[in-house]
Amino acid sequence: MSIGVCYYPEQWSQERWETDVREMAAAGFEYVRLAEFSWGRLEPERNTFDFEWLDEIVALVGDHGMNVVLCTPTASPPRWLLDEHPEIRQTDRDGTVRAGGSRREYCVNSSRYRVETERVVRELANRYADTSHVVGWQIDNEYGCHDTARCYCADCDGAFRDWLAERYGDADGLNDAWGTTFWSQQYDSVEQASVPAPTPAQDHPSLVLDYCRFCSDSIVAYNRLQAELLREYGDWFVTHNFMDRFPAIDLYNIADDLDLLSWDSYPTGHVQATDGQPTPDQLKAGDPDLISFNHDLHRGVLERPFWVMEQQPGDINWPPHSPQPAEGAMRLWAHHAVAHGADAVVYFRWRRCLHGQEQYHAGLRKRDGSPDRGYHDAARAAEELFDVGNVDASVALLHDYENVWALSEQPHAPDFDYWALVQSFYRALRARGVQVAVVHPTTDLSEYGAVVAPTLHIATEDLTDHLTEYVASGGELLLGPRTGVKDEGNKLRPASPPGPLSSLVGATVTHYETVPDQFDRTVVVNGTRYAVRTWAERLDADAAVPVVEYTGNELNGSTAGVRNAVGDGHVVYCGVWPEQELADDLVDTLLTRSGVDHADRLPNGVRAAVRDNHTWVLNFTSDRIDVETDAEWSIGSARIDPFDLAVADRDLLDGLTVNKRA
Amino acid sequence: MSIGVCYYPEQWSQERWETDVREMAAAGFEYVRLAEFSWGRLEPERNTFDFEWLDEIVALVGDHGMNVVLCTPTASPPRWLLDEHPEIRQTDRDGTVRAGGSRREYCVNSSRYRVETERVVRELANRYADTSHVVGWQIDNEYGCHDTARCYCADCDGAFRDWLAERYGDADGLNDAWGTTFWSQQYDSVEQASVPAPTPAQDHPSLVLDYCRFCSDSIVAYNRLQAELLREYGDWFVTHNFMDRFPAIDLYNIADDLDLLSWDSYPTGHVQATDGQPTPDQLKAGDPDLISFNHDLHRGVLERPFWVMEQQPGDINWPPHSPQPAEGAMRLWAHHAVAHGADAVVYFRWRRCLHGQEQYHAGLRKRDGSPDRGYHDAARAAEELFDVGNVDASVALLHDYENVWALSEQPHAPDFDYWALVQSFYRALRARGVQVAVVHPTTDLSEYGAVVAPTLHIATEDLTDHLTEYVASGGELLLGPRTGVKDEGNKLRPASPPGPLSSLVGATVTHYETVPDQFDRTVVVNGTRYAVRTWAERLDADAAVPVVEYTGNELNGSTAGVRNAVGDGHVVYCGVWPEQELADDLVDTLLTRSGVDHADRLPNGVRAAVRDNHTWVLNFTSDRIDVETDAEWSIGSARIDPFDLAVADRDLLDGLTVNKRA
Amino acid sequence: MSIGVCYYPEQWSQERWETDVREMAAAGFEYVRLAEFSWGRLEPERNTFDFEWLDEIVALVGDHGMNVVLCTPTASPPRWLLDEHPEIRQTDRDGTVRAGGSRREYCVNSSRYRVETERVVRELANRYADTSHVVGWQIDNEYGCHDTARCYCADCDGAFRDWLAERYGDADGLNDAWGTTFWSQQYDSVEQASVPAPTPAQDHPSLVLDYCRFCSDSIVAYNRLQAELLREYGDWFVTHNFMDRFPAIDLYNIADDLDLLSWDSYPTGHVQATDGQPTPDQLKAGDPDLISFNHDLHRGVLERPFWVMEQQPGDINWPPHSPQPAEGAMRLWAHHAVAHGADAVVYFRWRRCLHGQEQYHAGLRKRDGSPDRGYHDAARAAEELFDVGNVDASVALLHDYENVWALSEQPHAPDFDYWALVQSFYRALRARGVQVAVVHPTTDLSEYGAVVAPTLHIATEDLTDHLTEYVASGGELLLGPRTGVKDEGNKLRPASPPGPLSSLVGATVTHYETVPDQFDRTVVVNGTRYAVRTWAERLDADAAVPVVEYTGNELNGSTAGVRNAVGDGHVVYCGVWPEQELADDLVDTLLTRSGVDHADRLPNGVRAAVRDNHTWVLNFTSDRIDVETDAEWSIGSARIDPFDLAVADRDLLDGLTVNKRA
């Protein structure tokens with residue numbers, strides 16, 4: 001388990017490099033990421049490459065016993081290339097061409113940019129093919145950042161038509177898949193189709209879903225181009241640094257071309273991008289469940305350890321507010337990542353940059369080069385971390401991108417956010433310390449003691465068979481609302497929801513509605529009342545037993561959720577969007593019924609995680625906490641300070657109890 | 001009084017048609033609306049028409065004893081036409097061309113689209129000219145929906161210049177009418193004028209008013225083109241389905257080309273588009289006064305019964321929230337429409353469509369074809385409804401579109417919304433059960449016991465004479481604030497408001513101001529204090545008697561409203577925007593003074609309406625109510641359940657008392 | 001001290017002119033501003049000038065003993081010019097060209113518009129060169145109004161490159177100044193640079209700062225063109241009417257070309273444009289500190305009396321709300337302006353205009369030409385005002401535009417508004433009745449008893465020397481947060497803040513953060529606790545003594561502000577954004593230590609000001625107030641009514657006490 005750092009030597013004078021590299025090594029770092037946005041420096045004019053500076057810094061890193069992760073520099077084309085080939089740039093939906101002057105202005109479907117990409121990647125890969133301590137590559141940087149995953153340029157428009165022709169053959173196939181008799185939208189030819197454009201009313205939802213698929217596929221293809229080039233030259237690992245719950249790229253597709261997944265973790269920023277008001281503690285250290293959801297997702301996709309390729313080093317520039325992280329938070333985040341399956345945590349960045357767009361983003365070192373708090377935290381984490389096997393999750397949480405796209409085009413309720421719904425179930429699992437594998441619904445589920453599917457809005461017959469087999473073989477499945485509504489074309493299924501899953505669930509939805517604040521939609525489960533928000537279904541139970549019922553007003557006694565026994569297992573279907581307390585109740589029951597090991601309910605902001613028989617207890621709060629255990633601790637102790645942690649070298653999860661100190 | 005339904009056979013397999021039509025007939029429906037967006041199906045390629053499918057369904061409807069209302073399909077040009085003639089599309093103010101992919105992307109001023117319109121309308125009209133049970137036509141669909149009433153394309157720009165030349169002759173006429181010495185805006189020629197464009201500061205208000213007139217006139221002309229074509233072929237009725245208080249089309253102009261007006265009623269959606277937070281009951285059944293204002297407007301324009309051409313069938317897709325309508329609401333709406341003068345209520349639509357933009361919009365039948373709640377409600381309404389004469393309104397409410405346009409360009413106060421001001425007076429009348437004719441100010445008023453003009457911002461000398469004659473002959477007139485401010489060119493009148501009406505009112509406005517929340521603007525009427533919002537005038541009473549006075553702070557004792565005796569009648573001028581309680585007080589006094597029959601103040605959400613000696617009492621609340629009467633009820637009884645209604649076959653209005661049950 | 005009025009004879013019939021001018025003279029007015037937007041009237045077609053109307057009105061004004069201020073009419077090019085040369089128009093950042101139809105649509109960098117400007121200015125200036133009572137000129141009108149200070153047209157793009165080449169020489173100079181190694185933004189040539197464009201991520205902050213400088217310089221150059229032309233023809237004064245705290249023009253630069261500064265004062269509008277909810281009194285008379293900040297700024301720039309070129313005459317059209325000003329407010333504003341250094345107050349405008357965009361803006365005369373409240377107030381002010389020397393300010397407040405631009409591009413905290421920070425310190429000074437010179441940081445400070453610098457975000461070594469010299473010589477300096485962060489290129493300084501000022505301050509900033517609402521950031525000063533908002537720094541005191549300390553939570557006891565003794569003076573550095581109470585505390589201490597005369601804390605909305613040994617006490621509240629003094633009053637008395645004032649002919653400031661009457 002290693003610590004690394006991102007370094008931009010091109011931003012500093014050459015005399016400083018040796019000092020910097022020496023102090024990286026002194027902190028126990030093992031990886032240095034280099035060359036990320038350096039195309040302008042590497043190729044100052046067309047076909048004139050300047051590798052000397054990079055050779056030197058790569059050598060310096062090696063000389064100090066560290067490894068290098070190189071980046072392909074394609075996220076920022078140099079100015080001369082933009083001037084020479086302005087057609088490489090993206091176009092907004094309203095026709096505005098995205099200009100240079102920042103980054104990510106290029107279109108992945110630009111054939112010219114693909115040529116240029118191949119040229120620069122070959123040069124770089126060839127240059128370092130024989131440098132043994134160059135161990136891996138990050139392709140490009142944060143695909144889709146700054147809303148660049150969707151482009152509407154002529155290249156995209158043409159590529160979209162090709163994509164549709166490939167998928168549907170001809171106009172008949174397209175008309176069938178989308179349903180185009182509505183509003184005279186029939187195609188005579190696939191050539192009439194185009195990317196979404198400023199039409200007076202809403203877009204056709206089937207067009208939108210396919211456009212989302214196409215945009216993701218376009219990034220997958222562009223990434224594959226680079227991955228394959230890199231593999232021609234060396235036996236290094238290839239990855240990309242993804243972002244917090246990034247909605248526009250299907251990780252399950254792109255992962256096929258990568259050796260490992262990595263993501264960029266900025267806890268105090270991400271927590272400000274979610275609904276609701278973060279607490280002061282969350283503003284200082286993030287929401288552990290939001291962070292670890294990303295860990296578990298980037299681990300779950302390949303079922304393999306992941307990297308944090310950029311770890312927040314201190315205060316950052318882009319969220320609404322830029323609080324100072326709590327004392328020790330930078331160390332806490334490293335341990336937290338490792339507890340959830342990270343093999344390396346790479347801090348972004350070595351030193352605060354004096355110029356450009358990210359001046360207000362800290363580094364491990366201050367602007368004057370002296371160590372900042374992050375440096376000390378990172379060094380301590382480097383010292384403490386130890387090698388450990390992979391995470392063995394007991395519960396699978398089903399997640400996929402087609403549902404993200406379909407539901408974000410037609411949320412129907414103003415606050416129907418796919419990620420928030422997923423998070424309510426995920427948080428309930430993590431409040432019990434359970435390790436969760438975030439996986440695609442089609443994943444083999446046989447190893448999981450329980451499965452939670454927050455929503456399977458789009459559901460196929462194959463998926464139905466897959467889940468039925470899991471349950472019938474003794475699996476315990478918890479299904480959330482708005483499931484089984486759509487087919488793969490984003491058309492309504494003719495059968496009432498949950499459509500193909502109705503027999504598995506043992507009930508159907510007779511009506512659904514969105515829940516405005518003015519409504520009182522309360523349900524009762526085993527005598528306890530819970531508030532409902534956002535979405536409420538009324539069920540007609542068939543084989544199933546009602547377990548969630550409306551109470552009060554005109555819905556009193558009608559069914560909101562059911563449990564069905566199927567073969568050796570059970571499925572629970574909850575037809576309402578649960579507030580956290582209801583999600584907790586449903587998950588607690590699931591864990592108990594499935595016999596999955598779990599802790600007592602952990603305090604908010606306190607989390608436990610077991611990886612390979614080591615137990616981490618992590619305190620994301622400003623309170624002191626006590627762990628009730630006789631276990632020995634290899635790091636810390638049972639009395640844990642604010643924003644501190646403890647590690648024991650055995651599995652303490654079952655029945656683990658942690659209390660806030662009075 | 002008939003029930004009908006909108007049907008889209010092109011969205012369903014042919015095998016299903018007979019079942020569907022049979023069950024429409026079984027429910028007692030009398031009308032089926034067809035072919036609304038079917039151009040792509042009717043003419044799959046240029047000049048190749050396919051009528052067979054439509055012939056078949058038209059015949060089926062006739063075979064089952066029902067009539068057909070056909071639609072011209074011009075609201076959605078087929079894709080091949082857009083490809084062939086992209087110039088038919090609209091352009092936004094910022095120059096963005098509106099693309100295909102939804103509907104309403106065409107411009108009514110496109111000469112090419114008018115040619116295409118004529119072609120397709122002639123084909124259709126000719127085809128069904130001899131089919132006797134094709135009894136009427138809906139032209140196009142919801143003109144102006146999705147913000148398409150205003151276009152800025154080159155065709156519109158040229159047509160606007162022609163319109164100006166026609167109206168004003170030359171530049172001198174234009175300069176005089178608008179007043180262009182301000183900011184060097186003089187025209188040397190009408191050819192220099194153009195539609196509004198992205199200029200740094202506000203637009204010239206006179207340009208805006210004329211542009212609004214022009215846009216409305218353009219739609220009127222396009223509608224006339226279709227109406228005249230249809231009349232060449234048959235003796236059927238011609239209508240258009242308008243929308244909730246749609247501001248961009250002057251109904252009083254377009255109505256001249258129509259045999260009857262119809263509108264599309266979606267109570268749970270419209271109520272979410274008004275200011276303020278709807279109550280739970282309103283979310284489930286709408287605001288009866290908002291619904292009936294539209295009924296009374298679409299009846300008032302032609303002083304003739306109207307149709308509801310689309311009646312909400314269940315939950316819908318487009319408002320922020322999509323609650324399930326209350327039990328029985330779909331029946332309640334049908335009765336409510338009839339009580340206010342509807343001759344037919346046509347539900348939109350037969351069955352929830354599986355594809356396209358409106359999947360989240362219910363039909364009378366569920367997605368699987370089985371009956372939904374709306375079907376049962378509609379069938380019950382069809383069984384209950386009976387033939388009845390037209391509504392005989394006792395009070396006229398003066399309303400027009402030039403005031404809508406002038407005030408929406410220069411609201412001056414952030415919350416000065418014409419419709420809200422109108423609604424406060426309308427609601428006060430309806431709270432007393434009074435039938436209201438919403439009519440143009442120039443209408444003959446001699447038959448009305450009282451007249452309410454919420455505002456006559458633009459007022460002419462002719463209008464002054466018209467109103468003075470009404471009052472002098474014994475009429476009772478209630479005038480709202482901001483009256484008599486502007487001339488027809490949207491210029492200020494040189495005289496203080498109410499300008500030409502000053503002599504009728506017997507007072508002038510010395511100052512006005514908008515009322516921010518921080519201000520305490522309270523008035524007193526007959527000893528009762530009322531809060532004022534939005535707009536407050538200070539009056540100088542001349543012949544008139546002060547009846548509304550400010551109380552408290554620096555305005556204490558100054559005049560906010562007056563009453564003037566003129567001939568045999570009276571005019572009351574209220575110079576403040578009344579909160580509901582003040583509007584109620586003013587209206588109650590008006591009804592008493594004029595001797596118009598009225599009920600005791602009805603509870604919120606409970607309404608009574610008399611049509612042709614039948615009295616409806618309608619309960620839009622979740623409370624039970626009791627009517628204090630010995631009358632016999634032909635439908636229901638004096639004890640009315642939530643969202644239910646009762647009908648008596650005589651006029652119960654005068655002194656009618658309804659109570660919420662404890 | 002004179003009163004004047006803005007008159008637009010072109011908007012009224014010629015028969016009315018004599019009446020109007022006679023009544024201006026009767027009110028004691030001394031100046032009439034003419035011809036402001038009259039290009040269309042002066043030159044109805046190219047090269048055909050019509051001066052007769054203007055000759056006549058100019059003569060009329062002179063005949064009645066008043067002087068004329070003429071305006072160059074360039075703020076509104078005539079329609080024929082726009083048609084002939086559409087390239088003179090501005091372009092928005094997204095490429096939209098700004099159309100005619102209002103005003104200010106021209107670009108100052110259009111070479112064609114400069115030619116046209118020269119043409120019309122020469123004609124006008126030549127015409128009135130020998131008219132002795134034409135005493136001055138206002139160039140154009142409100143540069144930058146309606147967001148027109150920033151243009152992105154091709155002319156601007158080219159001019160920006162020239163500006164960069166002039167400033168930096170070549171690409172190396174540019175790359176150094178901006179720091180372009182970040183995100184591959186290196187320039188090979190200055191010719192590659194361009195104005196900001198729609199790039200996916202943020203703009204480069206150094207580009208933005210230079211673009212802001214360039215835009216200001218462009219307006220300065222355009223203004224100079226006109227000023228120099230006017231000076232060729234006559235010995236009149238030349239000014240421009242600036243706007244409330246207008247951020248886009250560097251007054252310190254443009255002032256070099258002007259004889260006096262003037263600004264347009266609309267108190268009830270400006271107060272609605274600031275954060276927070278204005279009080280009812282502020283809605284009726286404005287915030288006196290907001291008004292006088294502008295007075296003190298426009299006086300401070302040239303250290304010379306200024307004019308109010310447009311004074312609000314009554315209700316106005318452009319803010320969200322348009323309350324009626326309080327009784328007497330129009331007189332109060334005139335006195336207030338004079339007390340702060342105005343030599344003339346010119347009311348906008350004579351009469352409410354019946355047409356065009358500003359119909360809802362009052363004049364001194366009503367729409368029918370009769371006197372409105374403003375006329376009586378203005379006449380009374382004209383009668384009361386007397387000649388008086390200039391203001392002698394005892395405290396300098398340092399202010400400049402480069403900090404406005406840098407901080408508005410990177411506010412970092414959502415509510416870090418430069419003007420609000422400045423205002424908190426300014427308000428504290430005014431609450432003590434102290435006259436403040438708002439001056440550029442490089443101004444000679446030796447005459448000021450104390451200096452307040454709310455923030456010096458960009459700070460140079462020269463500025464450091466300048467301030468150090470002031471303090472060392474016995475000056476008392478109060479420095480606000482976020483000082484010494486940036487260099488002139490808008491790059492971070494390598495040294496921790498306050499960078500070059502660290503030695504003067506005797507402390508450095510170790511960390512800073514923004515303060516979300518959820519945070520408790522409280523400081524203690526001399527035992528009193530104060531809340532902190534927006535911005536909080538943690539200081540490491542070196543030579544300095546901590547005087548502001550955090551209290552509570554994890555920051556308890558750490559340093560937020562320091563005092564350092566340097567030579568014969570002191571500097572206090574406050575590293576947090578002060579709520580008003582903390583600013584008051586810091587300023588009170590400063591005044592005491594520096595021995596600057598000051599009043600007891602004045603009630604909110606009550607202000608005192610001394611100019612040349614006359615003391616004004618001004619009541620901007622609806623309360624009655626009492627001044628505790630035995631002084632004789634030349635205007636009013638010690639008991640001051642709501643929105644009234646009193647003047648004594650000696651300096652009463654030191655120890656002045658004013659109380660609200662119970």
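**Figure 1. B:R245, a buried loop residue in a predicted model.** At 13% relative accessibility, B:R245 counts as buried (buried means under 20% relative accessible area, exposed over 50%, and partly exposed in between, using a 1.4 Å probe and protein chains only). Look for B:R245 in the loop between strand 6 (241-242) and helix 9 (251-254) of chain B. Helices (H or I, at least four residues) and strands (E, at least two) are DSSP runs, numbered from the N terminus. B:R245 is not a glycine, yet it has a positive phi of about 40°. This is a predicted model, in which local features need pLDDT of at least 70 and side-chain atom pairs count only at pLDDT 80 or more, while totals for chains, interfaces and linings use all residues. Residues are numbered from 1 along each chain as its sequence is written, chains are lettered from A and ligands numbered from 1 in the order in which they are written, and side-chain values use heavy atoms, with hydrogens and water left out.

**Figure 2. C:T534, a strand residue with positive phi.** Here is another residue other than glycine with a positive phi, C:T534, whose value is near 70°. C:T534 is found in strand 16 (residues 528-541) of chain C. Is C:T534 buried or exposed? C:T534 counts as buried, at 0% relative accessibility.

**Figure 3. Two cis peptide bonds, in chain A and chain B.** In chain A, a cis peptide bond joins A:F348 and A:R349, with omega about 10°. A:R349 sits in the loop between strand 9 (342-347) and helix 14 (373-384) of chain A. In chain B, the cis peptide bond is between B:P497 and B:P498, and omega is about 0°. To find B:P498, go to the loop between strand 13 (476-479) and helix 18 (502-505) of chain B.

**Figure 4. A:N141 and its surroundings.** A:N141 belongs to the loop between strand 4 (134-138) and helix 6 (154-168) of chain A. With a relative accessible area of 1%, A:N141 is buried. Which residues is A:N141 in contact with, leaving aside its neighbours within four places in sequence? They are A:E36, A:F37, A:A75, A:R103, A:R104, A:H240, A:N241, A:D264 and A:E310 (contact means heavy atoms within 4.5 Å).

**Figure 5. B:D210 inside a helix.** Follow helix 8 (residues 205-233) of chain B to reach B:D210. B:D210 is buried, its relative accessible area being 1%. Apart from neighbours within four places in sequence, B:D210 is in contact with B:F160, B:W163, B:L164, B:R167, B:Y168 and B:W178.

**Figure 6. Where chain B meets chain A.** This contact takes 54 residues from chain B and 50 residues from chain A. The area buried between the two chains is about 4500 Å², and carbon and sulfur atoms give 53% of it. Buried area is the accessible area (1.4 Å probe) that two parts lose on being put together, summed over both. In chain B, the residues that lose the most area to chain A are B:R79, B:Y360 and B:R367, together 20% of what that side buries. How many salt bridges does the rule find across the interface of chain B and chain A? It finds 1 salt bridge, and the side chains of A:E554 and B:K284 meet in a salt bridge (3.2 Å, N to O). A salt bridge is a side-chain nitrogen of Lys or Arg within 4 Å of a carboxyl oxygen of Asp or Glu. Helix 2 (39-42), helix 4 (79-84) and helix 11 (280-285) of chain B each supply at least two residues of the side of chain B that touches chain A.

**Figure 7. Where chain B meets chain C.** Chain B gives 50 residues to this contact and chain C gives 54 residues. Between them the two chains bury about 4500 Å², 52% of it on carbon and sulfur atoms. The count here is 1 salt bridge, and the side chains of C:K284 and B:E554 meet in a salt bridge (3.2 Å, N to O). On the side of chain B that touches chain C, the elements giving two or more residues are strand 14 (507-515) and strand 16 (528-541) of chain B. Strand 14 of chain B gives the largest share of that side, 6 residues.
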